[in-house]
Amino acid sequence: MPAFGKIVSEGGNAITYAPGVSMGRVVRVSIQWMMADGTVFGDDALAESENGITGMTVDVETTEMSPDAEAEVLGMEKDGDAYWDTGDSGPDGQLVYIRVLKEHGKYIYRVDTIPKISFGRNQEDMQTKGQTVTFGTHSVHGTGKAFFNSATGKSRFRKKRYFQTWEDAYAYYLAEAGISGYTTSLTLNTTAATVAAGSTVTLTAVSAPSGATASTIAWESDNEAVATVEDGVVTGVAAGTAIISGSYGGVTASCRVTVTAA
């Protein structure tokens with residue numbers, strides 16, 4: 001779940017950012033470092049090699065990026081209810097995202113912050129079935145730049161911080177990105193429901209991470225012979241019970257659904 005916040009001001013040893021916006025659910029983040037590759041000669045003998053970092057390129061692939069987030073990240077122009085692609089690169093800002101790592105059989109969580117980066121549109125993929133969009137992704141290409149800290153006299157490209165729990169990592173991510181109004185929990189409108197075979201009952205999120213909608217929550221039934229679910233709409237198939245789960249942003253909520261005979 002990457003987030004982007006535009007740079008408001010930059011100077012000395014600090015950068016000020018606008019409140020961040022979520023770029024949707026992350027599918028992939030790929031970083032390619034750009035290195036200086038040169039040699040310095042003195043008196044026809046190799047005196048020094050230069051292979052320091054000069055920058056980076058970052059490809060971010062996400063699902064369900066909102067139009068307002070696209071406009072913020074890519075610098076699109078809004079004309080009433082319409083959004084225009086201008087062809088220009090987006091504004092400079094910071095990118096913050098969470099990585100899930102496994103170490104000695106245990107999960108740990110790393111929050112990466114790239115303090116200065118600008119994005120341009122890269123690729124859009126969409127797969128449809130009938131009249132339903134089953135999967136869509138947005139891919140944006142960013143160029144990371146050095147932030148020169150005058151207090152230390154060094155350039156900085158990326159900051160990493162490690163956490164033992166998702167909750168701690170997520171709380172830091174929200175604070176780092178300057179995102180407010182989020183919750184780290186997911187609660188459905190009911191924890192138990194009854195529906196007849198052939199009929200439907202709808203589950204909705206009462207409390208959820210900001211940006212979560214019925215279509216962005218990952219729904220799952222543990223017994224599709226009894227009940228199926230799509231975008232929160234549960235359809236009874238045959239008499240029995242099934243646990244319907246919804247997951248978003250690392251949090252999950254469940255509902256026990258009892259299906260009666262038609």
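The following exercises, with worked solutions, concern a predicted model of a protein.

**Exercise 1.** Determine which residues of strand E17 lie on its covered face, and which strand pairs with E17.

*Solution.* Start from the general rule: in a regular strand, side chains alternate between the two faces of the sheet. In E17 (residues 192-196), Ala 193 and Val 195 form the covered face, while Ala 192, Thr 194 and Ala 196 form the uncovered one. For the pairing, E17 is joined by five bridges to strand E24 (residues 251-260), and the two run parallel. Within this pair, Ala 193 stands opposite Val 257 of E24.

**Exercise 2.** Identify the residues that touch the most other members of the largest nonpolar core, and the element that gives the most to this core.

*Solution.* The core holds 36 residues, among which Val 111 and Tyr 173 touch the most other members. Elements that each supply at least two residues include strand E10 (93-103), strand E11 (106-129), E17 and E24. Helix H2 (166-177) is also one of these elements, and with seven residues H2 gives the most. Beyond its neighbours within four places in sequence, Val 111 is in contact with residues including Val 96, Ile 98, Phe 163, Ala 169 and Tyr 173. A second, separate core has 18 residues, among them Met 56, Ile 114, Phe 119 and Val 140.

How values were computed: Residues numbered from 1 in each chain as written. Predicted model: local features only at pLDDT ≥ 70, side-chain atom pairs only at ≥ 80, totals over all residues. Heavy atoms only, no water. Buried < 20%, exposed > 50% of the residue type's maximum accessible area, 1.4 Å probe, protein only. Helix = DSSP H or I, 4+ residues; strand = E, 2+ residues; numbered from the N terminus. Pairing = 2+ DSSP bridges. Core = buried A, V, L, I, M, F, W, Y, C linked by side-chain atoms within 4.5 Å. Contact = heavy atoms within 4.5 Å.
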